[in-house]
Amino acid sequence: MSAADVFADNANTILVPGYTVADAALRYKHGNWQAALNVTNLFDKEYFATCYVGEGCYYAEGRNITGSLNLK
């Protein structure tokens, strides 16, 4: 165990596994136009976003891709 461990119960018997996720963003500007692409959880990692005592653990969202096009 380490100081950074997170547990899902008050007795500290259910250890929540650690995780690492990556996000990415890309932006392109040309004249008055701007295009952007944002990706969260780039590699679609399955992990617990939160755990509550007595309720259990809940998975985080999978990969999410958002695009935008703007005229300024």
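**A walk through the model**

Modeller: Let's start with Ile-65, which is exposed, with a relative accessible area of 53%. Keep in mind that this is a predicted model.

Colleague: Why does Ile-65 count as exposed?
Modeller: Because its relative accessible area is 53%, and exposed means over 50%.

Colleague: OK, and which strand is Ile-65 found in?
Modeller: Ile-65 sits in strand S7, which covers residues 64–71.

Colleague: Which residues make up the nonpolar patch on the surface?
Modeller: Ile-65 forms that patch with Leu-26 and Leu-37. Together they have about 300 Å² of accessible area.

Colleague: How many bridges join S3 to S4?
Modeller: Seven, with the two strands running antiparallel; S4 spans residues 33–40.

Colleague: Can you give me a residue to look at there? What stands opposite Arg-27?
Modeller: That's Ala-36, in S4.

Colleague: Switching topic: cysteines. How many disulfides does a search of the whole structure find?
Modeller: One. Cys-51 and Cys-57 form a disulfide, with their sulfur atoms 2.0 Å apart.

Colleague: Which hand does the link of Cys-51 and Cys-57 have?
Modeller: Right-handed, with 110° about the S-S bond.

Colleague: And why does Cys-51 count as partly exposed?
Modeller: Cys-51 has 21% relative accessibility, and buried means under 20%, so it falls in the partly exposed range. Cys-57 is partly exposed too, at 29% relative accessibility.

Colleague: Last one, Phe-7. Where is Phe-7 found?
Modeller: In strand S1, residues 6–7. Phe-7 is partly exposed, with a relative accessible area of 22%.

Colleague: How far apart are the C-alpha atoms of Phe-7 and Tyr-52?
Modeller: They are separated by 9.3 Å, while the two residues are 45 residues apart along the chain.

Colleague: Great, thanks. I'll go and look at those spots on the screen.

Technical notes: Residues are numbered from 1 along each chain as its sequence is written. This is a predicted model: local features need pLDDT of at least 70, side-chain atom pairs count only at pLDDT 80 or more; totals for chains, interfaces and linings use all residues. Side-chain values use heavy atoms; hydrogens and water are left out. Patches are made of residues with over 30% relative accessible area and no salt bridge: like charges are joined within 9 Å, nonpolar side chains (Val, Leu, Ile, Met, Phe, Trp, Tyr) within 5 Å. Accessible areas come from the Shrake-Rupley method with a 1.4 Å probe; for residues, only the protein chains shown count as cover. A salt bridge is a side-chain nitrogen of Lys or Arg within 4 Å of a carboxyl oxygen of Asp or Glu. Helices (H or I, at least four residues) and strands (E, at least two) are DSSP runs, numbered from the N terminus. Buried means under 20% relative accessible area, exposed over 50%, partly exposed in between (1.4 Å probe, protein chains only). A disulfide is a pair of cysteine sulfur atoms within 2.5 Å. Two strands pair if DSSP finds at least two bridges between them.
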